[in-house]
Amino acid sequence: MAASNTSSGNRSMESRTGRTKQRYNTKGERLVAGVVPLTADKYYVMLIQSTRRKGWVLPKGGWELDEECHEAAAREAWEEAGIVVQINYDLGDIQDTRPPKKNSTKEKERSLYRFFEATVTSEEPEWPEKDKRERKWYTYAEATELLKERPELQAALDLSTIKR
């Protein structure tokens, strides 16, 4: 796959919402695209605060019908973290292994994650979810600890070429 850059000219200040254009595979799993956003020297990864749970996560979200997977990953990086990224590598599919939530009456929707390693080329001062999320750079050791409750995100970090 050729590397792609999200151009600054076509970034929206609105986050996409809803699931009407959401992609699902034949097993009914929601397809989620995300990035492992690294500094150029690969010593740091950017994490963002989760809006649904306490804690830190990698930028990720639904892969929609009108975009390629790497485009969805770059869009999520922009919407959630306010970063422009250069996609470097497809890190492959990662299964969602989390158990269903306690006290949930409906069956948990499973997700299949596709992560891409990316170099952050720009951190913008304004972005769509700025009022909802904080972003911060972490070393591999720090990020591994912060992602310990999210094995699918830890797996993506471990597949990347971040310096350990």
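**View 1. Strand β5 (residues 83-95) and strand β6 pair in the antiparallel sense over 11 bridges.** Strands here are DSSP runs of E with at least two residues, numbered from the N terminus, and two of them pair if DSSP finds at least two bridges between them. Isoleucine 94 stands opposite tyrosine 113 in β6. The model is predicted, so local features need pLDDT of at least 70 and side-chain atom pairs count only at pLDDT 80 or more, whereas totals for chains, interfaces and linings use all residues. Residues are numbered from 1 along each chain as its sequence is written, and side-chain values use heavy atoms, with hydrogens and water left out.

**View 2. Strand β1 (residues 30-38) pairs with strand β6 (residues 111-123) in the parallel sense, over nine bridges.** Within this pairing, phenylalanine 116 in β6 is the bridge partner of valine 35.

**View 3. Tryptophan 56 and tyrosine 138 form an edge-to-face aromatic pair, 5.5 Å centre to centre with 75° between the planes.** Rings of Phe, Tyr and Trp (its six-membered ring) pair if their centres lie within 6.5 Å, and planes under 30 degrees apart count as stacked, over 60 as edge-to-face and the rest as tilted; by this rule there are two aromatic pairs. Because tryptophan 56 lies in strand β3 (residues 56-57) and tyrosine 138 in strand β7 (residues 135-138), the pair ties together parts that are 82 residues apart in sequence. Tryptophan 56 is buried at 13% relative accessibility, as is tyrosine 138 at 9%, where buried means under 20% relative accessible area (1.4 Å probe, protein chains only).

**View 4. Tyrosine 113 and phenylalanine 115 form a stacked aromatic pair, 6.1 Å centre to centre with 20° between the planes.** Both tyrosine 113 and phenylalanine 115 are buried.

Conventions
Helices (H or I, at least four residues) and strands (E, at least two) are DSSP runs, numbered from the N terminus. Buried means under 20% relative accessible area, exposed over 50%, partly exposed in between (1.4 Å probe, protein chains only).
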